[in-house]
Amino acid sequence: MRALVTFVYLFLYAPIALVVLFSFNAGRSASEFTGFSTMWYGKALGNTFLITALQNSLMIAFTSAVLAAIFGTMAALGMQRLSSRGRAIFDGLFAAAIVVPGVVIGIATLVALVEVFSFLNPALASIWPGDKPPQLGLGYGSIIAAHGLFSLALVTMIVKARIASLGRDIVEASSDLYATPFTTFRQIVLPQILPSVLAGFLLAFTFSFDDFIVAFFVAGSKTTLPIYVFASIRRGVTPEINAIATMVLVASLLLILIARVLMQDKTTKTQTGE
Amino acid sequence: MTKWYRENAPITAENLTDEWMRLKRGSVTRRHFLGVTGLGLATAVLARQPGLFNSAAYAQDLGTTMSLATWPNYHDPATFEAFTAATGVAVEVNVFGSNEEMLAKLQAGGTGWDLFVPTNYTISTYVKLGLIDPLDMSKLPAFSQASQSARFTSEGAIDAKTYALPKNWGTTGMAVNTSKIKTKITSWKDFFEVAMTEADGRAMVHDYQLTTIGSALVSLGYSFNSIKPEELAKAEELLIKVKPHLYGINSDYQPGMRATDAWMTMCWTNDGAQLNRDMPEIAYILGTDGGEIWTDFYAIPKSAANKPAGYALLDYLMTPANAVKEHIANGAPTTDSRVLALLPADVTSNKIVYPDEASLTKLEFGAAVTLTDPARAELMARFKSA
Amino acid sequence: MPLAPDRKRQLTTAALVAPAGLWLFVFLVLPFMAMVVFAFGERAPEGGYQAAFTFAQFANLPSRAAAFWNTLMIAPIGAFLCLIVAYPVAYYLAIKSNPKYRLVLVSLVVVPFWTSLLVRTYAWMYILGSRGIPNLLGMIGIEDVRLLNTPGAVLLGIVYGYLPLMIMPIYVSLEKLDRRLLEASADLGAKPVSTFFGVTLPLSLPGVMTGVALVTILLLGEYLIPQLLGGGKVFFIGNALVDLFLQSRNWPFGSAIAVTLVVVVVIVLSVAMRIAWKVSGSRQVDLV
C-alpha cells in the first residue's frame, strides 16, 4: 500500500521535477540538458511578452475571481430567499455553467460576441461624434466574462452549501433581537461563510490562471500565460518556460504555506479560547 | 594616382557592401563605417532634418512591441534581436501550421498581428475579404521590384496594387531519415506506400489541407490542386487508409524528426535544409510525380495595431544585408537577385535549397480555390477526426 | 413613505441575485442561443457563418462519429483508470496515514495543480519521446519503442492530469467515514477484506461517484491532452471543434457539434446522477 502510494506521488512529481531541472539548463533546448545555469530566469524576467502574458493571466484570474466571489456570495445569499421555482432556475443555470465543457463555453462566447460586435461597431461608429469611434473587440473583457461564468457557479455552489449547513435559526435569532439585516449579515453570517468564500475565490483563481481552451477562443489579440506556453510548444520550448513555471510553482507554494500558518494560528487561538 | 587621392576616392559598390556587412555584424563601429564610406559629413548635415536620413519608416513612433505570425522554424532569432536593438521594438513571434489557421484567426477578428506570412495562393482571398490593404511602398525603400523574380512574386500584386512582398520561395517535398528507411523513395506514391510498410508508425503528414490532400492527389496521379469530387474521394480513401500507420499529423515535424521519433515526413525546403544541415542522414526529396512549389509573402493585416512597426520590420527584412542572414539561417531560396548575389556559394550550390530546374517542372503552385473550397476543408477535418 | 417590509425584502433579494443572473443570461444563455441559431446556418463561401435555415449541419454529424466514439470510449476508460490509481491513495490518506502528516500529504496531491497543466504535459512529451523512456529501454536492448502519439500516451496524460480531482472527493468521503464502523466490523470477526468490501467501499461510493462523474464530464470536452500527447491522431470532440473553428472555418457545423456535445454531456450526467441516487437512496448517505 505504502509502496503504491509512494509510486503515485513519484508519478505526480516526476514531470514537475523535470520542469524544474530543465529551468536550470544552460542550453537552448528544454529537452537536452547541457549544463547548469540560472540564465533562463533572467531571460524569462526580461522577456516582455512572457511577462505581459503572466501579468495578463494574473490580472484576468484576479478580476474574474473577485467578481465571482462577490456576485457568487450575493447570489448564494439571495437564492435562499427566492421562490422554489426561481431557485430551480438558478440551480439549473449554475449547474450548466459548471458542466458545459470549456471548449463549448469558448465557442459560444466567440460566436455570440463576434455577432454582437459586428452589429454594435457600425452602430457605434454612426453615432460617435469624433473621428475615431472605439472598436469593440475580443480581449480582457471577454476572457474575464467567460472565466467568471464558471467561477461564479463554483463560488455560489460552495457558499450555498455552507449556508445550508448553518441553519436558519441563528439568522432568525439575530433578527428577533432587532438587529438590522446588514448587522446580522456582517456579524453573524459573514464570519461563518467567509472561509467558503475564500475557498471559492482560490479555486476560481486557479481555474482561470490555468485555463487554456476558453481563452484560446475568446482572447482576441491578448495573450495569457497558457496561450503563450501553447504557442511556445509549437515554436520550440526554451527553458524560459520552465523558469517561469518554476517561479509560479514556488510562489504558490509560499502562498499555501503562509495561508497554512495563518490558519493554524487562528485554530490554536480559537481552541485556547474555548 | 597619388596615395592621397586613393584614400579619398569614393568607395566602390563592393566595398560599401563589405563595410555594410561588417557594420551589421558589429565588427566595426558606426563611426568607422561612416568615416570609411565618407558618409560622415552628409550624415551630420542630414541628421538635423529628421525623417530624411533616418528611413521614413523608422522616423515614426514605433512603439515598443509588435507581433509577427509566421511558420515554424522560419526565421533566425538573431534577426529579431538585431531589429529590437536597432528600433527598440520587441517582436513577438507566433507560428502556425497552415494558411487556413491564419485565415481563421483573421476572420474571427482581433489577432494583434502587425505582420504575417501568407503563401502565394491565399493573397487574392485576403484582398477579397478586405483583411489586408495595399502596401504603402514609400515606407518600404529597401524593397526593389526590379531585382525580384517575376516567376515567384506575381501573386503579391492585384490590379497593379502591391498587397504583399515576397519572403522566399520553396518546395514541398519529403524528408527521409535514410539510416532508418532503406527503401529508395522518389515519389509521393512511394511516400504513402512506405508510410504503411517500412515506416509504419513513423511517418508524418502536415496538419494542412493544401499539402496533405495535394500530395495524396499527386500520388494518385491527379493535380495537386484538384477539387473534383471523385478525385478528392480517392485521396480521402488513401489518407484514411494511411492514417493508422502515421506517427503524427503536425506541420511542425522538426522535433519529431530530430528525436528520430519520426523517420519520414512531408517537408518544406527550409525545414529540409535545416534537418539535413544538422543530420546529414536526413535526405530531402522532391516527388518525381509532382508536388508543390510556393512563395511565401509578408503582408500587413488591416487590423494591425502597430502598423508603423509592421512596416519597419518589413523594410528591415527586405534589406538585402538582413535578408541574406535570414536565408542562410532558414535555408529557403530567395526571390531577390540582390540577396542571391550576397549568399555564400555553399548555400547557392545546395541542391535542397536550389534544386535543378528539371526537378521543378512537375511541381504546381497552390491554387486560390483550395483555400476556401469547403470540400477540401471538410475532407481534411474528416481525415483528422477519423 | 417607507417601503412595506415585504416589498423591501423582495427588492433586497432581487438586488442580491441580479448580478449573477445577468451574468448567466448574457454570457451563458444568450451565447448558447446564438450557437443554436448558428447550428442551423450555412458556412459562408470563404468560411465563417452565413444566415440560413438548414438541417444540413446536423445531417453531417455522422462524419464526426469517430471523434464522438473516441471521446465516449476514452473518457470513461480514463476516468476508470484514474479511479483505480486514486482509490488506494485516498484510502491511505484518509485511513492509514499518520494524522500528523495527513494535511501535508493531502496538500501534496493538490500542489501539482499550481504548475500549468500545459507545462506538465509538455514534460510528458519529453518523457515519452525517444529521448525519454524509449532511450532507457534502448539501453537494455529494447530498440525503437514508440510511446508518444498513441492512445496509451493520451490515457496516461489523462490519468496524470485528473488524478488530484479523483483523489480529493474520495478522500473526503472516506475521511467522514465513522471509524467505529470499521472497529465494529473487525470486532464482529470480519476479515479486513470483507470489512473493506462490506463497509468501507459502499460508504465511500458517493465520493467515488462524484469523482468519476467530475472527471468523465471534464474529459468529454478535453482538447490539450489528445492534442499534445496524441499528435493529432487521437482525436476528441474538443479537437474536432477547435479544428472546425480554427482551420476549416465551418462555424455552423462547429456550432452543431458543440450543441450535440452539450446534449451528450447532459445525458451522461443524468445517467450518473441516476446511479448516484440509487446508491445513496438505498444506503442513506449524503452525496456531497
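**Figure 1. Secondary structure of chain A in the predicted model.** From the N terminus on, the elements of chain A run α-α-α-α-α-α-α-α-α-α-α. That comes to 11 helices and zero strands, where helices (H or I, at least four residues) and strands (E, at least two) are DSSP runs numbered from the N terminus. In this predicted model, local features need pLDDT of at least 70 and side-chain atom pairs count only at pLDDT 80 or more, while totals for chains, interfaces and linings use all residues. Residues are numbered from 1 along each chain as its sequence is written, and chains are lettered from A in the order in which they are written.

**Figure 2. Overall dimensions of chain A.** Along the principal axes, the C-alpha atoms of chain A fill a box of roughly 70 × 65 × 35 Å.

**Figure 3. Domains of chain A.** Chain A is divided into domain 1 (1–37 + 239–274) and domain 2 (59–237), with bounds from an automatic or database domain assignment. Taken over C-alpha atoms, the centres of domain 1 and domain 2 of chain A are separated by 28 Å.

**Figure 4. Contact between chain C and chain A.** Chain C gives 58 residues to the contact and chain A gives 61 residues; two residues are in contact if their C-beta atoms, placed from the backbone, lie within 7 Å. On the side of chain C that touches chain A, the largest share, 15 residues, comes from helix α1 (residues 5–39) of chain C. By class, this side of chain C has 47 nonpolar, eight polar and three charged residues. Ala, Val, Leu, Ile, Met, Phe, Trp, Tyr, Cys and Pro count as nonpolar, Asp, Glu, Lys and Arg as charged, and the others, Gly among them, as polar.
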